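Here are a few exercises to work through with the model open beside you. Try each task before you read its solution.

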Amino acid sequence: MSSVTENLKHVADSLPAGVTLVAVSKTKPVEMIEEAYRAGQRVFGENKVQEMVEKHERLPKDIEWHMIGHLQTNKVKYMASFVSLVHGVESLHLLETINKEALKAGRVIPCLLQFHIALEDTKFGLTLDEAREILDSEAYRQMRNVRVAGVMGMATNTDDEARIRREFRHLKEIFDTLKRDYFPSSPDFKEVSMGMSGDYLIAVQEGSTMVRVGSSIFGARQYNV
Ligand SMILES: *Cc1c(COP(=O)(O)O)cnc(C)c1O
């Protein structure tokens, strides 16, 4: 077995049934994605629209593409026809744009609300109050082409396990609160997207339903600066 296949198996085997593995393939070549595909992986995450579009064009059409990155509204149109899940929604304006482009594409696009749970200011995301403002708005109520399917967040990048655990626990509490207040009878609101290579086992213990794992599967990334 080569390493992508082995790594993928290792990660997948460590997840309980019912937790979705999003293989984060950003910056990695299509050959590596093909290898993961041959090993059975069907869900891949990218953080740049252009890169995701190119990979979508070149790779098998039964792949589910998840947009996990910070998203500019003017890029939404390029992926509206095929994206399976948008993880990082953090404004009403972005949700409105996704709704508009999804309507044009004749689709309903599932989205996750991204929350700011980490210490770092650099990480994006909503507060619970901001999420309530979105969900209470008339604009949101009129939307027919997006479906809010859950929440997403990133923990602080630290070795302090207790801190990471607290942050994930906080996100799970946000999920439970929104579920209770806005989606009590909706089976569609179900995802807690949390956990990356360094912390996905903690995330799963704290109630993650979806982990986004890149470097543990495909190896460390190199960025051209
Ligand atoms: C890159 C990225 C990941 C994967 O990170 P790894 O540490 O390589 O597993 C997960 N989530 C988001 C939002 C990312 O941008």
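**Exercise 1.** Find out how many residues of strand E4 (residues 85-89) are buried, and which strands pair with E4.

Solution. Start with burial in this predicted model: five of the five residues of E4 are buried, so the strand is largely enclosed by the rest of the structure. Next, look for partners. Strand E3 (residues 64-67) pairs with E4 in the parallel sense, over two bridges.

**Exercise 2.** Is Leu 113 buried or exposed, and what is it in contact with?

Solution. First locate Leu 113: it sits in strand E5. Its relative accessible area is 0%; since anything under 20% counts as buried, Leu 113 is buried. Now list its contacts, skipping the neighbours within four places in sequence. They include His 87 and Val 89, and also Leu 126, Ala 131, Leu 135, Val 148, Gly 150, Val 151 and Met 152.

**Exercise 3.** Work out how helix H6 (residues 128-136) and helix H8 (residues 161-182) pack.

Solution. Begin with the geometry: the angle between H6 and H8 is about 25 degrees, and their axes are 12 Å apart. Angles under 35 degrees count as roughly parallel, so H6 is roughly parallel to H8. As for handedness, the crossing of H6 and H8 is right-handed. Now for the residues that meet. H6 brings Leu 128, Arg 132, Leu 135 and Asp 136, while H8 brings Ile 174, Thr 177, Leu 178, Asp 181 and Tyr 182. Sort the residues of this contact by type and you get five nonpolar, one polar and three charged.

**Exercise 4.** Which residues of helix H2 (residues 30-38) are buried, and what do they pack against?

Solution. Step along H2 and pick out the buried ones: Val 30, Ile 33, Glu 35, Ala 36 and Tyr 37. Then see what surrounds them. The buried residues of H2 pack against helix H1 (3-13), strand E2 (43-46), helix H3 (49-58), E3 and helix H10 (215-218). To finish, look past the helix: Gly 40 follows H2, and its phi is positive, near 110 degrees.

Methods
Residues numbered from 1 in each chain as written. Predicted model: local features only at pLDDT ≥ 70, side-chain atom pairs only at ≥ 80, totals over all residues. Heavy atoms only, no water. Axes fitted to C-alpha atoms, helices over the stretch in contact; angles between N-to-C directions. Helix = DSSP H or I, 4+ residues; strand = E, 2+ residues; numbered from the N terminus. Parallel < 35°, antiparallel > 145°, perpendicular 65-115°, else oblique. Left-handed = near helix turned anticlockwise from the far one by under 90°. Contact = heavy atoms within 4.5 Å. Nonpolar A, V, L, I, M, F, W, Y, C, P; charged D, E, K, R; others polar. Buried < 20%, exposed > 50% of the residue type's maximum accessible area, 1.4 Å probe, protein only. Pairing = 2+ DSSP bridges.
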